[in-house]
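Keep the picture open while you read.

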Amino acid sequence: MSSPGECCENVELIDLRFVDTTAGRVPVVPADWSRRDRLGRLKCRLFNSYRMSYTVEPGIYALGSPDGRSPVLVTANYKLSFDLLRRELTGFDAWIVVLDTRGINVWCAAGKGTFGTDELIRRICSTHLSEIVEHRRIILPQLGAPGVRAHKVREQTEFSVSYGPVYARDLPAYLDSGCIATAKMRRTQFGFKERLELTPMEIFPALKGFLIFLAAVFVVFGLQPEGILFRSAWGSGLPIAVLGLAALLTGTLLTPLLLPWIPFRSFALKGFLLGELATALLTFPAGTEAVRSIYLIAFSLVFFPAAGSYLALQFTGSTSFTGISGVKKELKIALPLYIAAAAASLILLILYKLQEWGIL
Amino acid sequence: MKYLTNVVTLELIPERCTGCGRCLEVCPREVFGKNGKTVRIVDRDLCIECGACMMNCSFNAIRVNAGVGCAAAIINGLIKGGEPECGCGGNDASDASCC
């Protein structure tokens, strides 16, 4: 049971009321979002560190004016999961049980087992749920199922688990129909909007690597027999830096957005194809003057598509249709090729420098 | 959208299946279908190996090598020499890049 002092630092406490139950006081949360909730959602999408500490205190909460017959819905203690749930339940009276998933969303936490059988059983007991409600049914999000053995929960707590819809937005229809999920409610979707929403999480971490890449470009292209020259770094390095940025965007933005329309099922191949296209388009028509060396052109056509491919492969972690066996297969083939591409790139770069210095 | 074909490890043991339909309820990819009184795999390639069906089958009629289909997690596992670990949650949440 959450006491007032330890309750959810991120939930607006201004209007927080409590409802008295036979098992003690339970905090009441509103269904609608405050400005802070909306800002929090945006920050979660943009900053990894913010997302990782965006939590609510595990325990039980009251939404509306629930009584002993009201439904019990279970969620994770990632605050965005909790917020989406309560927002979709506008107008309903319900109990919300929040499991301690260390601030991770339901799907990822179920995969790790933190949204799991043991935690659920512990939380049912520690919140004294059987004293708060008369019925013995709890509704779990369907995507929590990989972590939960429903029959074990029933054996140990007498609560039977109903798996609700995949998306919280379908909850009103699910509850109104007497807890019946249609086939459509049970399917995950991965449309353009969902993919777009996930791309900042690919782009921002990659930008960190891009800064290191820029520093390396400055050193490699500025390096002359007389020292590191800024003029030389700018002149020869800039087109390469642009190609680097293009590779980054093909892997982290274009591949995710255009996913269904790019040929091949392999993410590594999709990223490679787009990376090769972008590099060729930027190198040949516009950059022929700037990128004169055959070694540098070869370097570009090897290095940047490989980088785009690697970045695209990372998106497998954000999708809802990739499995571990498939990703392992991709990696088994792609990782040695990435290493080979890196080695070939290094050799081509050395050849380019030797040519530039008139040694070759 | 469908991922790679012929890689999925999902197996259904028909002799153990009672046709309770729990797997149909938890599967987010419509892999299963009803076949009279029992369940059958309709399209194995749709399976994302999340393990929900195996976890919730009280008759042990389903086997799958469940895990996360996340390249970063698998590379992390290769480097650290353990199971795939995506770094979000747990003790080393600092370099988390997924979910």
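This is a predicted model: local features need pLDDT of at least 70, side-chain atom pairs count only at pLDDT 80 or more; totals for chains, interfaces and linings use all residues.

**Where the chains meet**

Start with the contact itself: 52 residues of chain A touch 47 residues of chain B. Putting the two together buries about 4100 Å², and carbon and sulfur atoms account for 62% of that area. On the chain A side, the residues that lose the most area to chain B are Arg265(A), Phe321(A) and Ile324(A), which together make up 17% of what that side buries.

The top contributor is α14(A), with nine residues.

Two salt bridges cross between chain A and chain B. In one of them, Arg187(A) pairs with Glu30(B), with the closest N and O atoms 3.0 Å apart.

**Salt bridges inside chain A**

Over all chains, the count of salt bridges comes to 16.

| Pair | N to O distance |
|---|---|
| Asp83(A) and Arg86(A) | 2.9 Å |
| Glu119(A) and Arg123(A) | 3.0 Å |
| Lys353(A) and Glu356(A) | 2.8 Å |

Asp83(A) and Arg86(A) sit three residues apart in helix α3, about one turn of the helix. Asp83(A) counts as buried because its relative accessibility is 0%, and Arg86(A) is buried as well, at 1%. These two also belong to a network of salt bridges that includes Asp37(A) and Lys79(A).

Glu119(A) and Arg123(A) are four residues apart in helix α5, again about one turn, and both are buried.

What about the pair in α14? Lys353(A) and Glu356(A) are three residues apart, so about one helical turn separates them. Lys353(A) is buried at 7% relative accessibility, while Glu356(A) is partly exposed at 31%.

Most residues other than glycine have a negative phi. Which way does Arg102(A) go? Its phi is positive, about 60 degrees, and Arg102(A) lies in the loop between β5 and α4 of chain A. His128(A) also has a positive phi, about 55 degrees. His128(A) is in the loop between α5 and α6 and is partly exposed, with a relative accessible area of 36%.

Methods
Residues are numbered from 1 along each chain as its sequence is written. Chains are lettered from A and ligands numbered from 1 in the order in which they are written. Side-chain values use heavy atoms; hydrogens and water are left out. Contact means heavy atoms within 4.5 Å. Buried area is the accessible area (1.4 Å probe) that two parts lose on being put together, summed over both. A salt bridge is a side-chain nitrogen of Lys or Arg within 4 Å of a carboxyl oxygen of Asp or Glu. Helices (H or I, at least four residues) and strands (E, at least two) are DSSP runs, numbered from the N terminus. Buried means under 20% relative accessible area, exposed over 50%, partly exposed in between (1.4 Å probe, protein chains only).
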